[in-house]
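Take a look at the model, then read on.

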Amino acid sequence: MVFEAIAKLIAERNECDVADIKPETTFAELGIDSLDTVEMLMNLEDELGQEIELDEKVSTVGELVAFIEKKMAK
């Protein structure tokens, strides 16, 4: 569920196909910088209904998914 939500946000932002976004895809490959990541997290908070504070560095879509799932499990 988290991966799908992130992939959808990235696809909308980058105007690309959701199927092109894989867990190993880096944000650099997608042209997403740290400011974009923060904006995306705010959108995810709205979609998931949970506050997410990014307190560690993530560089791939999969790392972000794992981080959010860990936060949601608390």
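At what angle do helix 1 and helix 4 pack, and how far apart are their axes? The angle is about 130°, and the axes lie 9 Å apart. This model is predicted.

**Helix 1 with helix 4**
- Helix 1 covers residues 2–14, and helix 4 covers residues 61–73.
- Angles over 145 degrees count as roughly antiparallel and 65 to 115 as roughly perpendicular, so this pair is oblique.
- The crossing of helix 1 past helix 4 is right-handed.
- From helix 1, the residues V2, F3, I6 and I10 touch V61, L64, V65, I68, E69 and M72 of helix 4.
- That contact holds 9 nonpolar residues, 1 charged residue and no polar ones.

**Helix 3 with helix 4**
- These two helices cross at roughly 45°, and their axes come within 13 Å.
- Helix 3 and helix 4 are therefore oblique to each other as well.
- Helix 3 also passes helix 4 in a right-handed crossing.
- M40, L41, L44 and L48 of helix 3 meet L64, I68 and M72 of helix 4.
- This contact has 7 nonpolar residues, with no polar and no charged ones.

**The nonpolar core**
- The largest nonpolar core contains 22 residues.
- I6, I10, F27, L44, V61, L64 and I68 have the most contacts inside it.
- At least two core residues come from each of helix 1, helix 2 (27–30), helix 3 (34–48) and helix 4.
- Helix 1 gives the most, with 7 residues.
- In soluble globular proteins, nonpolar side chains tend to be buried together.

**V61 up close**
- Beyond its neighbours within four places in sequence, V61 contacts F3, I6, I10, I21, K22, P23, T25, F27 and L30.

Note on methods
Residues numbered from 1 in each chain as written. Predicted model: local features only at pLDDT ≥ 70, side-chain atom pairs only at ≥ 80, totals over all residues. Heavy atoms only, no water. Axes fitted to C-alpha atoms, helices over the stretch in contact; angles between N-to-C directions. Helix = DSSP H or I, 4+ residues; strand = E, 2+ residues; numbered from the N terminus. Parallel < 35°, antiparallel > 145°, perpendicular 65-115°, else oblique. Left-handed = near helix turned anticlockwise from the far one by under 90°. Contact = heavy atoms within 4.5 Å. Nonpolar A, V, L, I, M, F, W, Y, C, P; charged D, E, K, R; others polar. Core = buried A, V, L, I, M, F, W, Y, C linked by side-chain atoms within 4.5 Å. Buried < 20%, exposed > 50% of the residue type's maximum accessible area, 1.4 Å probe, protein only.
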